[in-house]
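Keep the model open while you read.

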Amino acid sequence: MTDLSSALQLAAPELTLAVGGLVLLMLGAFTGEKSTRLISGLSVLLLAVASVLAAVGPLGTAFNGAYVADPLAVYGKVAIFLSAAVAIVLGDGWIHRNGIAKFEYPVLIVLASVGMSMMASSGDLISLYIGIEMHSLALYVLAAYHRDNLKASEAGLKYFVLGALSSGLLLYGASLIYGFAGSMRFVDIAAFATANPGPGLIFGLVFLICGLAFKVSAAPFHMWTPDVYEGAPTPVVALFATAPKIAAMVLIIRVLVEGFGVAHAQWAQVIILISLISFAVGSFGGLMQKDIQRLLAYSSIINIGYALLGVAAGTEAGVQATLMFMTLYAIDQFGFFAVLLSLSRNGRPIRKIADLAGLKKDRPLLAVALTILSLSAVGIPPMSGFWGKFFVFGAAADAGYWMAGAAGLVASVVAGFYYLRIIKVMWFDAPATEVAPDKSPLEAKWIALAAAAFCFPLVIVALTWLEPLTRAAASGVGAG
């Protein structure tokens with residue numbers, strides 16, 4: 001009983017969200033759509049409580065090593081829960097303005113957060129798969145949430161079909177690893193890999209990496225990303241770009257650095273190759289895009305390439321760099337999507353880059369915010385994007401992968417073109433027709449301005465507490 005009690009105490013964040021999510025589901029079922037705003041507010045509160053429980057809760061392992069609560073898991077969970085809460089705030093206003101308010105929207109995000117939290121605390125291959133599927137099923141539904149919109153339905157279908165393919169790759173890799181190692185637990189797999197180095201485990205690991213690369217939309221497993229980003233509702237895409245990617249990146253660190261640290265020389269080559277392909281696809285693919293959300297999809301591909309450089313380093317500094325990069329990247333992405341949700345003309349959202357013409361006149365404050373966010377994405381110092389790249393390039397260079405870091409710098413220069421094009425259109429192009437803009441939703445406007453203010457100048461102060469937090473999270477990982 002004592003063991004069960006301590007295990008439940010360790011898993012308090014997930015239990016809180018799971019039970020709370022079911023209660024909110026029942027509340028919505030009995031009260032109908034009129035309770036959507038109430039359920040959204042309670043969902044944000046629930047995620048805030050889960051964040052506190054994760055931050056102050058005990059550390060240790062539970063359920064025979066399948067569940068791990070360590071500094072890395074704590075940091076990942078707090079970032080995931082806060083990102084999910086922001087997505088609910090952005091989405092609540094959007095679904096009401098579009099007349100598709102349903103209480104399922106916040107509940108699905110809460111339930112997805114349970115799966116993402118499980119990913120951050122996975123200690124074996126079973127909990128890894130359960131966490132991935134639990135959050136993926138909710139995300140498939142969210143992608144097609146606007147079911148009367150053909151593009152949203154197409155996005156949900158494509159995401160589901162390709163997600164099933166990636167799950168197959170992941171399961172095949174996991175079964176091979178189990179077959180050779182004789183255990184599901186990462187700790188046991190690491191011990192077996194140390195005592196019995198061989199190609200069998202590496203072969204299984206490659207399939208596992210392919211499945212995980214799909215979840216973070218790393219090339220060449222990115223095929224779902226542009227279409228889903230373009231077709232899914234904007235607040236849902238804001239969620240896709242942040243919380244699931246943080247969860248998957250923490251999981252990749254667990255699998256590779258903790259479970260296969262001894263085989264670093266082998267898997268690092270695969271990760272570096274994926275990074276290089278992501279640089280090429282993300283930078284050159286984005287040059288041709290005219291839709292802003294589709295452009296942000298290619299931006300996400302190249303940015304995941306940067307984050308994977310830290311993982312490839314296989315060191316404590318590399319893990320810290322990845323966590324730092326993903327945190328700063330998530331804030332930047334929320335800023336971009338909040339700006340998009342703030343802009344519309346004649347009731348039609350602004351989706352094309354050309355539609356941003358004249359924004360300096362219509363919305364000067366949002367134009368400044370989007371300029372800061374774009375410069376941050378390019379990596380101009382001292383914006384937050386610069387510091388994220390500074391950490392990952394530094395970790396890669398220290399580990400001997402300076403050529404990959406140089407390739408990342410070249411990709412940044414190429415990608416800089418499409419961010420600078422956004423700035424040019426906003427400030428120097430005249431609108432094709434003079435149309436009065438709609439009033440900006442308050443929640444989206446304030447999130448956009450807050451994200452831009454964080455990117456510069458607040459990031460300079462924020463680094464003084466983010467750096468030690470990420471360092472403490474990385475210190476709990478079995479890295480050299």
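Q: What makes Tyr229, Arg351 and others count as touching glutamine 293?
A: Contact means heavy atoms within 4.5 Å. Leaving out residues up to four places away in sequence, glutamine 293 touches Tyr229, Glu230, Ala232, Thr234, Val237, Phe337, Leu340 and Arg351. Glutamine 293 itself sits in helix H14 (residues 292-313); helices here are DSSP runs of H or I with at least four residues, strands are runs of E with at least two, and both are numbered from the N terminus. By the way, this is a predicted model, where local features need pLDDT of at least 70 and side-chain atom pairs count only at pLDDT 80 or more, while totals for chains, interfaces and linings use all residues. Residues are numbered from 1 along each chain as its sequence is written, and side-chain values use heavy atoms, with hydrogens and water left out.

Q: Why is glutamine 293 called buried?
A: Buried means under 20% relative accessible area, exposed means over 50%, and partly exposed is in between (1.4 Å probe, protein chains only). Glutamine 293 has 0% relative accessibility, so it counts as buried.

Q: How do you know whether lysine 151 is buried, partly exposed or exposed?
A: Its relative accessibility is 44%, so lysine 151 counts as partly exposed. You'll find lysine 151 in helix H7 (residues 150-181), touching Glu230 and Gly231 once residues up to four places away in sequence are set aside. Lysine 151 and aspartate 227 are 76 residues apart in sequence, yet 8.4 Å apart in space, C-alpha to C-alpha.

Q: What makes a set of residues a nonpolar core?
A: The members must be buried Ala, Val, Leu, Ile, Met, Phe, Trp, Tyr or Cys residues, joined through side-chain atoms within 4.5 Å. The largest one here has 164 residues, and Val255, Trp267 and Leu356 touch the most other members. Helix H15 (residues 316-342) gives the most to this core, with 16 residues. There is also a second, separate core of 7 residues, including Ala7 and Met118.

Q: Why are H18 and H19 called roughly antiparallel?
A: Two packed helices are described by the angle between their axes and the distance between the axes. Axes are lines fitted to C-alpha atoms, for helices over the stretch in contact, and angles run from 0 to 180 degrees between N-to-C directions. The axes of H18 (residues 384-398) and H19 (residues 402-428) come within 7 Å and cross at roughly 150 degrees. Under 35 degrees is roughly parallel, over 145 roughly antiparallel, 65 to 115 roughly perpendicular, and the rest oblique. So H18 is roughly antiparallel to H19.

Q: What makes phenylalanine 63 and asparagine 64 stand out in their phi angles?
A: Most residues other than glycine have a negative phi. Phenylalanine 63 has a positive phi of about 55 degrees although it is not a glycine, and asparagine 64 has a positive one of about 60 degrees. Phenylalanine 63 lies in the loop between strand E1 (60-62) and strand E2 (67-69), and asparagine 64 is in the loop between E1 and E2 too. With 44% relative accessible area, phenylalanine 63 is partly exposed; with 66%, asparagine 64 is exposed.

Q: What is the peptide bond from alanine 219 to proline 220, cis or trans?
A: Most peptide bonds are trans. This one is cis, with omega near 5 degrees.
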